[in-house]
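Here is a short report on a predicted model.

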Amino acid sequence: YPAVAGLYQRPTIVSNVLTFATVPSILARGGRWFSSMGTDRSKGTIALQLGGRVKQPGLVEIPFGATLREVLDQFGGGMPEGARLKAVQVGGPLGSLFPSDRLDIPLCYDVFQEAGAILGHGGIVVYDDETDMVDLARHFMAFTERESCGKCVPCRIGSTRAR
């Protein structure tokens, strides 16, 4: 596992393309510029992937602190006509599901943690009232069972049992 023995059999930082994508702007404009955006405890920007039952799916990079509702309305264009929001998933299959009455949560790590949620990789999927949440949970567990690295018990054994 790279955090234990990666490049040259030494501990290696595990990062992702979203993190690496911020580096050129920070180097060009400085850390002070980057940290001037966001919130007190979640500095800078976050890249979000918006999909599901929204009018305008896509990618957006915004400063931390905007609410989930603002992102869905401003960048996703809201729900298609006739669709009613049932839940919003943030952070992938092991992320968090928010019902329609919890969309005013700011997108930042500390507030999500206080809410018992995770922001994860910034993936946002909107589900409408026709979504069967039990089928969705089965799909999440099947995905986790297939895609897990298998290093921890919750994914390796838990996802199989849950499915």
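Arg138 is partly exposed, at 49% relative accessibility. Its salt-bridge partner is Asp135, with the closest N and O atoms 3.1 Å apart. Asp135 is also partly exposed, at 43%. Both residues sit in helix H5 (residues 133-147), three residues apart, so about one helical turn separates them.

A search of the whole structure finds five salt bridges. Three of them are listed here.

| Asp135 | Arg138 | 3.1 Å |

Arg53 lies in the loop between S1 and strand S2 (58-63), and Asp128 lies in strand S5 (residues 123-128), so the pair ties together parts that are 75 residues apart in sequence. Arg53 is partly exposed, with a relative accessible area of 35%. Asp128 is buried, at 7%.

Asp104 is partly exposed, at 49% relative accessible area. Arg69 counts as partly exposed too, at 31%.

Asp110 lies in helix H4 (residues 109-114). Asp110 is buried, with a relative accessible area of 15%. Its side chain makes a polar contact of 3.4 Å with the side chain of Ser42. Leaving aside residues up to four places away in sequence, Asp110 touches Thr39, Arg41 and Ser42.

Next, the strands. S3 (residues 85-90) and S4 run antiparallel, joined by four bridges. Val90 stands opposite Ser96 in S4. Five residues lie between the strands of this hairpin, where Gly91 takes a positive phi near 90°. Strand S4 (residues 96-99) has a covered face, Ser96 and Phe98, and an uncovered one, Leu97 and Pro99.

Gly51 belongs to strand S1 (residues 45-52). Is Gly51 buried or exposed? Gly51 is buried, because its relative accessible area of 14% falls under the 20% cut-off. Beyond residues up to four places away in sequence, Gly51 touches Pro57, Ile124, Val125 and Val126.

On the surface, Phe20, Val23 and Leu27 form a nonpolar patch, with about 330 Å² of accessible area together. Val23 is found in helix H1 (residues 17-29). Val23 is partly exposed, at 36%.

Terms used
Residues numbered from 1 in each chain as written. Predicted model: local features only at pLDDT ≥ 70, side-chain atom pairs only at ≥ 80, totals over all residues. Heavy atoms only, no water. Buried < 20%, exposed > 50% of the residue type's maximum accessible area, 1.4 Å probe, protein only. Helix = DSSP H or I, 4+ residues; strand = E, 2+ residues; numbered from the N terminus. Pairing = 2+ DSSP bridges. Polar contact = N/O pair within 3.5 Å; in protein donor to acceptor, adjacent residues only side chain to side chain. Contact = heavy atoms within 4.5 Å. Patch = residues over 30% accessible without salt bridge, like charges linked within 9 Å, V, L, I, M, F, W, Y side chains within 5 Å. Areas by Shrake-Rupley, 256 points an atom, 1.4 Å probe, with all protein chains shown as cover. Salt bridge = Lys/Arg side-chain N within 4 Å of Asp/Glu carboxyl O.
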